[in-house]
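Please read them with the structure open.

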Amino acid sequence: MKIDTRQIDDTSVCLKLEGDLDAASCEVVRPAFSDLAEGAEKTTVRLDLANVGFLDSSGVGAIVFLWKRLKQKGSELILVDPTGQPASLLEVLRIGKSIKIE
């Protein structure tokens, strides 16, 4: 799993993921998500999923973990451009009812 973080402006950050978001990659992703959530007060975090080819329950759990931590800080999570299997899983789980998907 490759993670690229870039600041968009004073109140927005984009986290671009590349690879599979599964149980194995969650060991890499969770600490990055935790660090991001620690300093994100009143921030919009855009999680770019365009290059995520596979998403499993561990990956969904990591996304929900990040969403909950951000929400506690008054921040927002937006899932950007999920395609293929990840998009289908997010739709089946109705994640879009809680987390904004663009």
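1. For 102 residues, a compact globule would have a radius of gyration near 13 Å, and the chain has 12 Å, which agrees. The radius is taken over C-alpha atoms, and the globule rule is 2.2 Å times the number of residues to the power 0.38. Along its principal axes, the C-alpha trace spans about 30 × 25 × 20 Å.

2. A word on the basis of these notes. This is a predicted model, in which local features need pLDDT of at least 70 and side-chain atom pairs count only at pLDDT 80 or more, while totals for chains, interfaces and linings use all residues. Residues are numbered from 1 along each chain as its sequence is written, and side-chain values use heavy atoms, with hydrogens and water left out.

3. The chain contains 3 helices and 5 strands, arranged along the sequence as β-β-α-β-α-β-α-β. Both kinds of element are DSSP runs numbered from the N terminus: helices are H or I with at least four residues, strands are E with at least two.

4. The 5 strands make an open sheet of mixed pairing, in the order E1-E2-E3-E4-E5. At its edges lie strand E1 (2-9) and strand E5 (100-101), each of which pairs on one side only. Two strands count as paired if DSSP finds at least two bridges between them.

5. E1 and strand E2 (residues 12-21) run antiparallel and are joined by 7 bridges. The hairpin between E1 and E2 passes through 2 residues. Thr5 has Leu15 in E2 as its bridge partner.

6. The pairing of E2 with E3 is parallel and has 8 bridges; here Glu18 stands opposite Asn51 in E3. Strand E3 (residues 44-55) also runs parallel to strand E4 (residues 76-80), with 5 bridges between them. Leu47 is placed opposite Leu79 in E4.

7. Of the contacts in the chain with a separation of 6 or more, 68% are between residues 24 or more positions apart. A contact means heavy atoms within 4.5 Å.

8. Buried residues account for 39% of the 102 in the chain, where buried means under 20% relative accessible area with a 1.4 Å probe, protein chains only. The chain exposes about 5,600 Å², of which carbon and sulfur atoms supply 47%. These areas come from the Shrake-Rupley method with a 1.4 Å probe.

9. How far apart are the mean positions of the positive and negative charges? For the 13 positive and 16 negative charges, the mean positions are 7 Å apart. Lys and Arg count as positive and Asp and Glu as negative, without His and the chain ends; each charge is placed at NZ of Lys, CZ of Arg, CG of Asp or CD of Glu.

Key: Buried < 20%, exposed > 50% of the residue type's maximum accessible area, 1.4 Å probe, protein only.
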